[in-house]
Amino acid sequence: MEPVEELVARTRESGVTVHLRREGPDRALPPLAERSAYRVVQESLTNAIKHAPGSTVHVSIARQADRTEVRVTNTAPRTGSPSAGPGSAAGRAPGHRGLAGLRERVRLIGGTLHAAPREGGFEVLATLPDQVNPERAGSTGELRERTGSESAQRLAAARRGARLRFVAAFAAPAGFALVALASCALPAHQLTTCVLRPADFAAVRVGQDLDEVVRFLPEQEFRYVPDAVRALPVPPGTVCAYYRSNGNLLDQVDVYRLCCTGSRLAAKDVLPG
């Protein structure tokens with residue numbers, strides 16, 4: 001897993017203003033604390049990009065004697081930003097479902113996580129212990145993932161499958177994605193498994209090798225692209241794949257388009273859904 005510094009650097013390259021500060025003893029975090037700290041920062045950056053566009057994000061990782069505090073604070077969204085509105089700052093917590101899963105992850109290793117509006121923006125504060133009870137650690141599935149257990153094998157298989165599906169999406173004819181489905185359950189499942197998170201879309205770069213791009217992609221591409229969106233011109237000589245930017249089934253959402261030529265990402269676009 002990449003260090004937090006690389007995650008912050010990639011996010012900063014996408015145009016987001018992010019500041020990272022480390023405090024306390026200069027020694028490595030225990031593996032579970034390191035992984036959990038990364039997830040806290042990743043989820044918080046995703047929420048800030050989505051719900052508070054144009055804000056400034058401050059990431060602080062404070063190392064103490066027996067624990068680590070991870071604090072991610074974003075300022076209020078820039079006035080007039082399209083995503084600024086109810087839930088983006090004061091009001092309800094943004095990304096509440098993602099934060100709920102994150103809170104459970106932290107709780108299972110004996111830590112705590114608090115998330116609440118602050119001064120027009122939002123703050124996430126996680127306290128991660130150095131010592132983790134083996135029974136607690138086992139319940140998170142993290143140890144099994146790291147030791148090559150069945151969970152790790154399933155994760156590796158899923159990643160291989162995502163890579164193959166991505167390559168197949170570029171090789172197949174563009175009209176193949178419009179195959180009609182007979183039931184409602186299958187389209188609903190596909191709509192929730194083709195969401196490319198804003199932070200991951202921001203992380204991929206034009207010119208990047210496809211083997212690197214696939215690490216950020218969801219399980220499958222968006223199969224129900226509106227005709228008006230699919231009819232938009234694509235860069236000459238490229239083949240494009242489409243992804244939803246949000247998992248809400250009741251709303252029209254922006255569509256992310258990734259176009260490749262050869263083994264490189266040639267273009268990335270945000271198209272109105």
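## Briefing: burial, salt bridges and secondary-structure packing

Arg63 has a relative accessible area of 8% and is therefore buried, the cut-off being under 20%. The structure is a predicted model. Its salt bridges come to twelve, one of which joins Arg63 to Asp130.

**The Arg63–Asp130 pair**

- The side chains of Arg63 and Asp130 form a salt bridge with an N to O distance of 3.0 Å.

- Glu43 and Arg197 are joined by a salt bridge in which the closest N and O atoms are 3.3 Å apart.
- This pair connects distant parts of the chain, with Glu43 in helix H2 (residues 31-51) and Arg197 in the loop between H7 and H8, 154 residues apart.
- Glu43 counts as buried because its relative accessibility is 14%.
- Arg197, by contrast, has a relative accessibility of 26% and so counts as partly exposed.

**The Asp66–Arg67 pair**

- A salt bridge also forms between Asp66 and Arg67, the closest N and O atoms being 3.3 Å apart.
- Asp66 is partly exposed at a relative accessible area of 47%, and Arg67 is partly exposed at 32%.
- Elsewhere, salt bridges with shared partners join Glu43, Arg197 and Asp200 into one network.

**Thr193 in the loop between H7 and H8**

- Thr193 is located in the loop that connects helix H7 (185-192) and helix H8 (198-203).
- Because its relative accessibility is 12%, Thr193 counts as buried.
- Its side chain makes a polar contact of 2.6 Å with the side chain of Gln220.
- Leaving aside residues up to four places away in sequence, Thr193 touches Pro218, Glu219 and Gln220.

**Helix H1**

- The buried residues in helix H1 (residues 4-13) are Val4, Leu7, Val8, Arg10 and Thr11.
- These residues cover an arc of only 160° around the axis, which means that they are on the same side of H1.
- An α-helix has 3.6 residues a turn, so residues three or four places apart point the same way.
- The cover over the buried residues of H1 includes strand S1 (17-23), H2, S2 and H8.
- Gly15 follows H1 and has a positive phi, near 105°.

**Strand S6 and its partner S7**

- Strand S6 (residues 239-244) is largely enclosed by the rest of the structure, because five of its six residues are buried.
- S6 runs antiparallel to strand S7 (residues 255-261), and six bridges join the two strands.
- Within this pairing, Val239 stands opposite Cys260 in S7.
- In a regular strand the side chains alternate between the two faces of the sheet.

Notes:
Residues numbered from 1 in each chain as written. Predicted model: local features only at pLDDT ≥ 70, side-chain atom pairs only at ≥ 80, totals over all residues. Heavy atoms only, no water. Helix = DSSP H or I, 4+ residues; strand = E, 2+ residues; numbered from the N terminus. Buried < 20%, exposed > 50% of the residue type's maximum accessible area, 1.4 Å probe, protein only. Polar contact = N/O pair within 3.5 Å; in protein donor to acceptor, adjacent residues only side chain to side chain. Contact = heavy atoms within 4.5 Å. Salt bridge = Lys/Arg side-chain N within 4 Å of Asp/Glu carboxyl O. Arc of directions from axis to C-beta. Pairing = 2+ DSSP bridges.
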